[in-house]
Amino acid sequence: MRNEVKNMRILVDADACPVKKIIVDLAKENNLEVIMFFDNAHVYEDGYSKVYIIDKGADSVDYFLINRALPNDIVVTGDYGLASMALAKKTYPISPRGLIYTEDNIMGLLNQRAFSQKVRKHRNLKGPKKRVSNDDEKFRYSLNVIISNK
C-alpha cells in the first residue's frame, strides 16, 4: 500500500484554489509531489511545488493538467468538467471544499451546473456560496482520506 502512495502525486488546478497551503502541508507530511497549474496571469512560489504557467485560453490550464495526470494521482479542482476527465483517467479528483468526486456523483453535478447556467442567463442570481473555515477542515479531512486509503 505504501508503494502506491509513493507513486501518487497531487495536481492542482491552482488559479483560484484557496487550499494551496493545506495541500503543500499534507504533501510534505506524506512525501508526495505537488504540481500546481496556473494561467499566465499568476505568479506563485512556495518552495515545494513544481509550477506550470500556461498561456491563457479557454480551458487551457485544464487540458494541460489532465494531459499530465496519471492513474492514482489526486486532482484538486472546483471544475466539474475537469473532475469528470480526471475520473476517466483513474485519478482521485477532489474539490477545494472537500467533496470527493466519484462516478456516482459527477453526472448529477454536471447536470446541476448546466441547469444553473441556464437559470443564470435569465435571472440575476448569485454565484457559489462563500467559503467558511469549515470548508478548509473538510478539505483537509477528505484529502487525508484519499491519501491514507491508497
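Q: Okay, Tyr52: buried, partly exposed or exposed?
A: Tyr52 is partly exposed, with a relative accessible area of 24%. Buried means under 20% relative accessible area, exposed means over 50%, and partly exposed is in between, using a 1.4 Å probe and protein chains only.

Q: Before we go on, what kind of model is this?
A: This is a predicted model, where local features need pLDDT of at least 70, side-chain atom pairs count only at pLDDT 80 or more, and totals for chains, interfaces and linings use all residues. Residues are numbered from 1 along each chain as its sequence is written, and side-chain values use heavy atoms, with hydrogens and water left out.

Q: Back to the rings. How many aromatic pairs are there?
A: The structure holds 5 aromatic pairs. Rings of Phe, Tyr and Trp (its six-membered ring) pair if their centres lie within 6.5 Å; planes under 30 degrees apart count as stacked, over 60 as edge-to-face and the rest as tilted.

Q: Why does the Phe37 and Phe64 pair count as edge-to-face?
A: Because the planes of Phe37 and Phe64 sit at 65 degrees, with ring centres 6.1 Å apart. Phe37 is in strand E2 (residues 33-39) and Phe64 is in helix H3 (residues 60-66), so this pair ties together parts that are 27 residues apart in sequence. Helices (H or I, at least four residues) and strands (E, at least two) are DSSP runs, numbered from the N terminus.

Q: And which of those is buried or partly exposed?
A: Phe37 is buried, at 1% relative accessible area. Phe64 is partly exposed, at 22%.

Q: Where does Tyr52 come in?
A: Tyr52 forms an edge-to-face pair with Phe64, 5.1 Å centre to centre and 65 degrees between the planes. Tyr52 lies in strand E3 (residues 50-54) and Phe64 in helix H3, so that pair ties together parts 12 residues apart in sequence. Put together, Phe37, Tyr52 and Phe64 make one aromatic cluster.

Q: What lies over the face of Phe64?
A: Arg68 does, at 3.4 Å from the ring centre. The rule is that NZ of Lys or CZ of Arg is within 6 Å of the ring centre and within 35 degrees of the ring normal.

Q: Switching to the sheet: what's the strand order?
A: The 5 strands form an open sheet in the order E3-E2-E1-E4-E5, with parallel pairing. E3 and strand E5 (92-94) are the edge strands, each pairing on one side only. Two strands pair if DSSP finds at least two bridges between them.

Q: How many bridges join E2 to E3?
A: There are 5 bridges between E2 and E3, which run parallel. In E3, Ile54 is the bridge partner of Asp39.

Q: Which helix lies across E2?
A: H2 does; this helix lies across strand E1 (9-13), E2 and strand E4 (74-76), and runs at about 160 degrees to E2. Helix H6 (residues 133-148) also packs on the sheet, touching E4 and E5, and its direction makes about 175 degrees with that of E5. Contact means heavy atoms within 4.5 Å. Axes are lines fitted to C-alpha atoms, for helices over the stretch in contact, and angles run from 0 to 180 degrees between N-to-C directions.

Q: Which residues of H2 are buried?
A: In helix H2 (residues 20-30), the buried residues include Ile22, Ile23, Val24 and Leu26. H2 is followed by Asn31, whose phi is positive, near 55 degrees.
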